[in-house]
Each structure stands twice: as structure tokens, then as C-alpha cells.
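Trainee: Could we go through this structure together, one point at a time?
Mentor: Gladly; here it is.

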Amino acid sequence: MQLYFSKDLGKQQIYVLYGLGGAGKTQIALKFIEQSKSRFSSAFLIDTSSKETIDIGLKNIAFKKKIGETAEAAIQWLTSKHEEWLLLFDNADDPNIDMNKFLPRCNHGKIIITTRNPGLCVYAGENSHIDNMEEDDAVMLILKSAAVDNISKNRTTSTAIVKVSSLIVGMRT
């Protein structure tokens with residue numbers, strides 16, 4: 001993503017991270033945003049699990065930027081704002097949601113889409129298939145998500161959860 005988004009293509013850039021649930025797509029996107037935040041004038045996270053959550057996320061942008069109270073106002077603002085803003089459409093897994101309705105129509109801005117649906121790669125200038133996380137990364141994610149200290153007992157339990165989870169996922173594929 002660093003290389004792709006560092007290119008000046010003179011058009012809007014969309015990057016899709018796709019793969020199984022729990023593979024770390026959101027964590028990768030958030031890490032990229034954290035490491036690159038000085039490159040963007042604004043960064044917005046939109047829960048894309050349903051049309052309703054997308055609408056709420058866009059309304060929040062409109063409210064935050066004091067430009068109205070509708071999703072349409074947010075999309076219009078993004079379209080007219082010739083800056084390097086970034087949108088993260090997270091968990092765009094529902095194949096019945098038409099993402100075209102929510103993508104600003106302009107030649108600027110950066111968009112990351114995380115999804116289980118590889119069909120969304122049609123929107124992307126580039127994409128990455130995300131496989132399962134390494135065990136240590138998965139353990140740290142569990143500890144962070146559970147908001148517990150990384151002490152020996154918690155780490156041992158988290159490691160056991162990761163191992164059982166990887167066995168279950170392996171049985172499904």
C-alpha cells in the first residue's frame with residue numbers, strides 16, 4: 001500500500017485488502033493509516049458491514065466537517081475537497097451492497113476497502129490477498145482486543161486459542 005499510495009497517478013486510488021475473516025485485513029489497514037497519517041489531510045473509517053452502517057459513517061463525516069447531516073453531503077464534500085483524504089471502508093463483505101453508491105466520483109483521494117469478497121477487487125487499482133496471520137501477531141491481536149496485559153498466563157491462553165482457531169479454519173478449507 002505504501003508504494004501504491006505514494007504514486008501520483010492523477011486519479012483516485014483504491015486499494016482492496018481481501019481474505020478470510022480474522023486474517024488481519026483491518027489491522028493492516030489501520031497500521032498503514034497510523035504510519036502514514038501525516039500524508040493525509042483527513043482519514044475516515046466507515047463500518048461497511050451494512051448499508052445502514054455506511055450511511056451512519058458518512059453522516060458522521062458530514063457532522064464532523066460541519067457540512068450537513070446526510071451521507072450525500074459527505075460524499076459531495078469528499079468529491080469537492082481536492083486534498084489527500086483517505087477513506088477506509090472496513091468489512092465490505094456483503095455482496096448485495098453496491099459500493100459504487102458510496103465512492104466519491106473524483107480524481108483525488110485514497111480509499112482502502114477491507115473485505116472477505118474478492119469480487120470487490122474490480123474497484124481496485126491494486127489489491128492484496130491477506131492470508132492467516134502469523135501466530136505471534138494473532139496472539140498479540142487477541143491480547144490487545146481483550147484489553148489484558150501480556151503476562152504469561154494470558155499469553156498461554158491466547159496462544160491456545162490461536163492454535164485451536166487455526167485448526168478449525170484448516171478443517172474448513
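This is a predicted model: local features need pLDDT of at least 70, side-chain atom pairs count only at pLDDT 80 or more; totals for chains, interfaces and linings use all residues.

Mentor: Residues are numbered from 1 along each chain as its sequence is written, and side-chain values use heavy atoms, with hydrogens and water left out.

Trainee: In what order do the five strands of the open sheet lie?

Mentor: Strands here are DSSP runs of E with at least two residues, and helices are runs of H or I with at least four, numbered from the N terminus. Two strands pair if DSSP finds at least two bridges between them. The pairing in this sheet is parallel, and the order is β2-β3-β4-β1-β5.

Trainee: Why is one side of β2 and of β5 left without a neighbour in the sheet?

Mentor: Look at β2 (43-47) and β5 (126-129) in the sheet. Each has a single partner strand, because both stand at the edges.

Trainee: Which residue of β5 is the bridge partner of Leu-17?

Mentor: Start from β1, residues 13-18, which pairs with β5 in the parallel sense over four bridges. In β5, the partner of Leu-17 is Ser-128.

Trainee: How wide is the arc that holds the buried residues of α3, seen down its axis?

Mentor: Helix α3 covers residues 51-64, and Ile-54, Gly-57, Leu-58, Ile-61 and Ala-62 are buried there. Buried means under 20% relative accessible area, exposed over 50%, and partly exposed in between (1.4 Å probe, protein chains only). The arc is taken from the directions from the helix axis to the C-beta atoms. The buried residues line one face of the helix, because they fall within an arc of 145 degrees.

Trainee: Which residues are exposed on the other side of α3?

Mentor: The buried residues have cover that includes β2, α4 (71-80) and β3 (86-90), with contact meaning heavy atoms within 4.5 Å. On the other side, the exposed ones are Glu-52, Phe-63 and Lys-64.

Trainee: What is the relative accessible area of Lys-66?

Mentor: Lys-66 sits in the loop between α3 and α4. Its phi is positive, about 55 degrees, although it is not a glycine. Lys-66 is exposed, and its relative accessible area is 73%.

Trainee: And what is the relative accessibility of Asn-91?

Mentor: Asn-91 lies in the loop between β3 and β4 (110-115). This residue other than glycine has a positive phi, near 65 degrees. Asn-91 counts as partly exposed, at 32%.

Notes
The expected span of a helix is 1.5 Å times one less than its number of residues.
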